Amino acid sequence: MNWLTLLMFLPLVGAAVVSVLPKANEKAAKQAAFITTIAVLLVTIGMTLSFERENVELQFVEKYAWIPSFGINFAVGIDAIALVLILMSTVLAPIVVLAGWNEAHGGRWSVKTFYILILVLETMMIGVFAATDVFLFYVIFEAMLIPVYFLIGGYGTGERSAAAVKFLIYSLVGGLLMLASIIALYVMSGDQFGHTFDINELSQLQMSSTTQNLLFLGFFIAFAIKAPVWPFHTWLPDAAGSASPGTSVLLLGVLDKVGTFGMIRYCLTLFPEASKTFTPLILILAVISILYGAFLAIGQKDIKRLIAYTSISHFGFITLGIFAMTTQGHSGAVLYMFNHAFSTAALFLVAGWMISRRGSSTISDFGGLQRVTPVMAWTFFFAGLSSLALPGLSSFVGEFLVLVGTFTRYPVHAVIATFGIVLAALYILIPVQKALHGPTTPGNENLKDLNLREKVAIAPVVAIIVVLGFYPSPLLKIINPATTNIISQLGFTDPVPSIEDK
Amino acid sequence: MTFTSPVLSYTLLSPMLILLGGALIGVLVEAFVSKAKRPIVQLTLALGVLTLALFQVWNIRGEQSLTPAMGSIIIDGPAVLLQGSILIISIIAILLIADTEHFTALPAALPGSEEERRAIAMGTQVTEVYPLTLFAVSGMLMFPVAGDLITLFVALEMLSLPLYLMAGLSRRRRLASQESALKYFLLGSFSSAFFLFGAAYLYGYSGSLDFAGIQASVIGGSGNDVLLLIGIAFLSIGLLFKVGAVPFHSWAPDVYQGAPTPVTAFMAAATKVAAFGAMLRIYYTVFANAQWSWSPVLTAIAVITMLLGSLVAVTQRDVKRMLAYSSIAHAGFLLTGVIALNKSGLDATIFYLFAYGITTVGAFAVVTLVRDSSGEVTDLNRWKGLGKRSPFAASTFAFFLLAFAGIPLTSGFIGKFSIFSAAYESGATGLVLVAIFSSALAAFFYIRVIVLMFFSDASEDGTGVEIPSILTRSAIVASAAITLILGVYPTPIIDFISDLATFIR
């Protein structure tokens, strides 16, 4: 069964259906979008069930000639990491549609257009993780920017068009650097064994270490902008601060993961030597991201920007885990990617509801919400706890694994990174205290609590956070063989813990 | 002295002959058909002639001959591809030219004169533009297939002279239009003079005017190299002027802005194909063995063309001027394909020319739609909020801009990818990096226009969007469709090009 093409095709069908619906019938557009995303989720679950866990090769491989004279194929296939990320994306999509039921009303364009953009984006989110042809990956990587650009600029708030442009320019510049590297790979493949973009074949390329380093940088900077890693992060707070909550969830939860996913799939596979060369530098950037993101988050007055900065800190952890080059670090990073999507989704969605009720996104405008809207307040508190990686909630497992994995090889980095956890408590608990506790700020007395739709939308997120917090092993069982395989292919063995030395 | 009668192979020459014949009939139509019927007769004639010529080009694909006209014309794969591209672009452009609203009622009348007012009141439509277009197209068809310097020069003049006239035909802002025509004419004549000067030196170098003879001398290396270098330099100036490469670009913004927009569309797209077609033939065959004499200079020109085009475009406030600078930047990208001097460079340049030409016609077609009571509105500030007033115009224009910027899933991306990889393959790594850097710069101003159209609130100044006529609408839809298809599934075209594109010499 062609699972992956089916998955990529379904949202497009949904988008086509939505596009022929009458413009006035907004409800029908929403329903069609919701049904489509649920259908995609069901297909993804079906695919996950037939995924062979122990098989480290790419699965569900499909390959169709696209532009044969350039050696370009429409080639898809997934390993466990891609599977987990696709699962994450398709779970988030219906939640975003349901949670943001009324999000599109403040936009420049019709509600219909909003859902068409979301569905087209879903196709690309699946495709970007599934692509095994570098050209196809690049095409989707770049093309994805367009729907997001219109989602931010058309349906966001505040300085939305400036934020959308900043987002697009940053990403395009990164993309062009990657294009330069891809062209070099393409030409070299032509010299060595015939033009190809197949990732497995490209990983066999012979190249000098200088070339490898330069090409690595082309890819890495593109991914570091996407992820974002300090100092390439400045677009994110603006974009996330202006985008509608649903768009922000997709932006931070899924699109930014393309960056970290790309580091694993492309940087490490194509340029193993260069990855090792740059590891010390990247680890430093990662640690800076962790602390910098956390410090700036503490200082934020705007709730959406706060969440954006926390994410920069979280992406620092993910990058740290990837480049620590240990199996625990890698497994932790992948798990972190999955869990970060849900804790950020919870934060953004609840924050979005708070903001739309209050009409302001400044933290100090809230206060005493716990008394007025207890369900909303507690959900936000819960989302915050998940974001600061409280033991028992899912993000803790990923963060713990990343730190353990890093510590075995780079103890100093791990110790410094651990301060990020302390800061996390600050950046979450301070706004929680300001917004939820204390006397009710005047003007907030009549805020409404979450309605049934919102509760239904947030419930699966809460459930995932709790269940995977206590019982992460189903996910880890899928991830572990893949990460072990990557680490061993890079020629690393996990350092043996050596406590007895002391 | 005996007279040898020329042997012509009419089949291979038929596209050009059909065009010339059509143009002459067009002139007769001007003389003998009543005023009221002229527009429709001329349009039918022009479309018919262009389609017939395209059909003939299709029929002679795969043919190769050095002597269809005693060595003055060379028909081979690239010739067919370029002629086909020019014809397809011209057919779409003619659909825009058919909207005579853009042209002055009486070109001979002084701007603002009583005569002109009377002509406007009578509702006269200018129809000379059709035969002029056909003459220009026949020159363009001949330009890339010329086999000697004289034919090349004749073709150059044949495509230029009608364009000089057409640039001055604008109905609105006639003075600016005439100024642009004069500027184009003067600078064009100047560059023609350079061209002829170069041709003379090349004759002095090789003792021959046809490409075969010059090429033989270049390979033999027996001649005086100074003559060759001067010849190449001056000939190149003539050609670089036509494609608008820096530092021979200064006419482009004024002419693009002043000329009636349909003419700009035609000129920007088709001239570029013709001129780059001729450059490809000359650099890939005649001067190929003197690569080290011209390649460094051309590389420098490509670099400044790309950078200056992209940089200056950022500061433009007028949509036509912005597109003019963007076309200058694209000329730089195309030059990287010429410099590559390999098979993939040839394929890529031909693909890029076709893709870019179509997108350009489409973009200018949208420009013709945005108007207020006094004609077209080209001030970008007044394009604000266009997305709200006309989603069709704004979204197609945005799509064309994304294609110019080279975003994946548009023809522009495939073009850029193939032309940059060809340049990289030839070892011009630095050039590719500059090209990629200027693409990033260029993306900035394309996106700025999209922001204006979609994310800015409309100003209340009566800028409206014309309901497109059926012809204009089909031109826009056709260009958008081709741009999309070439971006999503370019395989048939790429294979077609790479099968055919080999110079026979």
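Which residues have the most contacts inside the largest nonpolar core? I looked them up: A:Val84, A:Leu92, A:Val350, B:Ala93, B:Phe143 and B:Ala270, in a core of 403 residues. Such a core is a set of buried Ala, Val, Leu, Ile, Met, Phe, Trp, Tyr and Cys residues joined through C-beta atoms within 7 Å. Helix α7 of chain A (residues 160–193) gives the largest share of this core, 19 residues.

Ground rules I noted: this is a predicted model, where local features need pLDDT of at least 70, side-chain atom pairs count only at pLDDT 80 or more, and totals for chains, interfaces and linings use all residues. Residues are numbered from 1 along each chain as its sequence is written, while chains are lettered from A and ligands numbered from 1 in the order in which they are written.

I then checked A:Val84. Beyond its neighbours within four places in sequence, A:Val84 is in contact (C-beta atoms, placed from the backbone, within 7 Å) with A:Val334, A:Phe338, A:Leu475, A:Ile478 and A:Ile479.

Next, chain A as a whole. I found 20 helices and two strands, these being DSSP runs (H or I, at least four residues; E, at least two), numbered from the N terminus. Of its 502 residues, 61% are buried, that is, with 20 or more other C-beta atoms within 10 Å of their own, C-beta atoms being placed from the backbone.

Last, the interface. I see 23 residues of chain B in contact with 24 residues of chain A. On the chain B side, α18(B) gives the largest share, eleven residues.

Methods
Buried ≥ 20, exposed ≤ 12 C-beta atoms within 10 Å, placed from the backbone. Contact = placed C-beta atoms within 7 Å.
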